[in-house]
Amino acid sequence: SAGDCAVVIFAWMDMVGDACFCDMLRFRASTIVDLGLEHRVGATSGDYKIADPGLLRGFLAFALIGMIIPTIFQTFFVAKLIKRASKKRWLDVGRLTKHSTITVILISFTDPDAVILLPFNPEAY
């Protein structure tokens, strides 16, 4: 339904926002190093305080771990769900290989709510 699609879209926008935040941390740390400002950590430059590039990279590492580990677990559980549901004939296997369904499967690796959009047979509910 449209409500299910909206949930998936907003959840995936959150994932994209997290990825952009990680890229911003990486970019900020590399810019400080590229401009040779790492020796001025804590000083104010314009409206901004110069951050420690090592601290930014450490925070980036934790942010990436916080994104990658759940994605690995989610990929495992979605694959397990699809395998089990296919064996029990809960999924419409003919629609399972369509491009749109494959896209939903890939999105569900990062967004558990996308599982709602898999082509389950009405009897599966």
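1. Serine 108 is buried in this predicted model, its relative accessible area being 0%. The residue belongs to helix α4, which covers residues 99-108. Leaving aside residues up to four places away in sequence, serine 108 is in contact with Gln74, Val78, Ala114 and Val115.

2. Which residues form the nonpolar patch on the surface? Phe62, Ile65, Ile69, Phe73, Phe76 and Phe77 make up this patch, and together they have about 660 Å² of accessible area.

3. Phenylalanine 76, one of the patch residues, is found in helix α2, residues 53-87.

4. The structure holds one salt bridge. The partners are arginine 26 and aspartate 23, with 2.9 Å between the closest N and O atoms. That distance is within the 4 Å cut-off, and therefore the pair counts as a salt bridge. Side chains of opposite charge can pair when their charged atoms come close.

5. Where does the salt bridge pair lie in the fold? Arginine 26 and aspartate 23 are both in helix α1, which spans residues 2-34. They are three residues apart, about one turn of the helix.

Key: Residues are numbered from 1 along each chain as its sequence is written. This is a predicted model: local features need pLDDT of at least 70, side-chain atom pairs count only at pLDDT 80 or more; totals for chains, interfaces and linings use all residues. Side-chain values use heavy atoms; hydrogens and water are left out. A salt bridge is a side-chain nitrogen of Lys or Arg within 4 Å of a carboxyl oxygen of Asp or Glu. Helices (H or I, at least four residues) and strands (E, at least two) are DSSP runs, numbered from the N terminus. Buried means under 20% relative accessible area, exposed over 50%, partly exposed in between (1.4 Å probe, protein chains only). Contact means heavy atoms within 4.5 Å. Patches are made of residues with over 30% relative accessible area and no salt bridge: like charges are joined within 9 Å, nonpolar side chains (Val, Leu, Ile, Met, Phe, Trp, Tyr) within 5 Å. Accessible areas come from the Shrake-Rupley method with a 1.4 Å probe; for residues, only the protein chains shown count as cover.
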